[in-house]
Amino acid sequence: MSITQTAVVKTSTTIKGKTLLAAVAVTAGQILYEITTTDGSESTFGLAQADVALNNIQSQVSGMALNPAAINQLVTAGTGLITVAASGLVAGARYVLSDTAGGLKPVADQDAGDNCVDVAIAMNATQLFVT
């Protein structure tokens, strides 16, 4: 599955989102997680991934990036119904974190070394419900 960043759009006004600075360069459509400093005073977004060798914090999904951002620019992580121009979405299919930073893949494509972290369900060929 491949998501085209220029076609990632909020589908409804009921979508939930949180805006923080990007800790890394972000492309719209990538999956984000919140990074909080040890004292809790500051948060940024990083790219989530399911590689079991990485810290479990990267498995705590905040949502899908709704806009691109360079490091230290604002990016919004959205949850809810999001329209994407993606090839290969199958209605009713579950999508989980990929072991590639920021990526998604069908649950059937999980590797033995991946954490299975549910991220979205395809509502149809162009819309994901991101949890």
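Lys105 is found in strand S8, which spans residues 104-106, strands here being DSSP runs (E, at least two residues) numbered from the N terminus. The structure is a predicted model, in which local features need pLDDT of at least 70 and side-chain atom pairs count only at pLDDT 80 or more, whereas totals for chains, interfaces and linings use all residues. Residues are numbered from 1 along each chain as its sequence is written, and side-chain values use heavy atoms, with hydrogens and water left out.

With a relative accessible area of 10%, Lys105 is buried, a term that denotes under 20% relative accessible area, while exposed denotes over 50% and partly exposed the range in between (1.4 Å probe, protein chains only). The side chain of Lys105 reaches the backbone oxygen of Asp109 at 3.4 Å. Lys105 also forms a salt bridge with Asp99, for which the closest N and O atoms are 4.0 Å apart; a salt bridge is defined as a side-chain nitrogen of Lys or Arg within 4 Å of a carboxyl oxygen of Asp or Glu. In this pair Asp99 is partly exposed, at a relative accessible area of 32%, whereas Lys105 counts as buried.

By this rule, the count of salt bridges comes to three. Another of them joins the side chains of Lys18 and Glu34, with an N to O distance of 2.9 Å, and this pair links distant parts of the chain, given that Lys18 belongs to strand S2 (residues 16-22) and Glu34 to strand S3, 16 residues apart. Both partners are partly exposed, Lys18 with a relative accessible area of 40% and Glu34 with a relative accessibility of 22%. The side chains of Arg94 and Asp118 likewise meet in a salt bridge, at 2.9 Å from N to O. Because Arg94 lies in strand S7 and Asp118 in strand S9, this pair ties together parts that are 24 residues apart in sequence. Arg94 is partly exposed at 37%, and Asp118 is also partly exposed, at 41% relative accessibility.

Attention then turns to the nonpolar interior. A nonpolar core is taken as a set of buried Ala, Val, Leu, Ile, Met, Phe, Trp, Tyr and Cys residues joined through side-chain atoms within 4.5 Å. The largest such core has 21 residues, and those with the most contacts inside it are Met64, Val84 and Leu128. At least two residues of this core are supplied by each of strands S3 (31-36), S6 (74-87), S7 (94-97), S9 (118-122) and S10 (127-130). Another core, of ten residues, lies apart from it and includes Ala22, Leu32, Ala65 and Ala69.

Ile121 lies in strand S9 and is partly exposed, with a relative accessible area of 37%.

How values were computed. Helix = DSSP H or I, 4+ residues; strand = E, 2+ residues; numbered from the N terminus. Polar contact = N/O pair within 3.5 Å; in protein donor to acceptor, adjacent residues only side chain to side chain.
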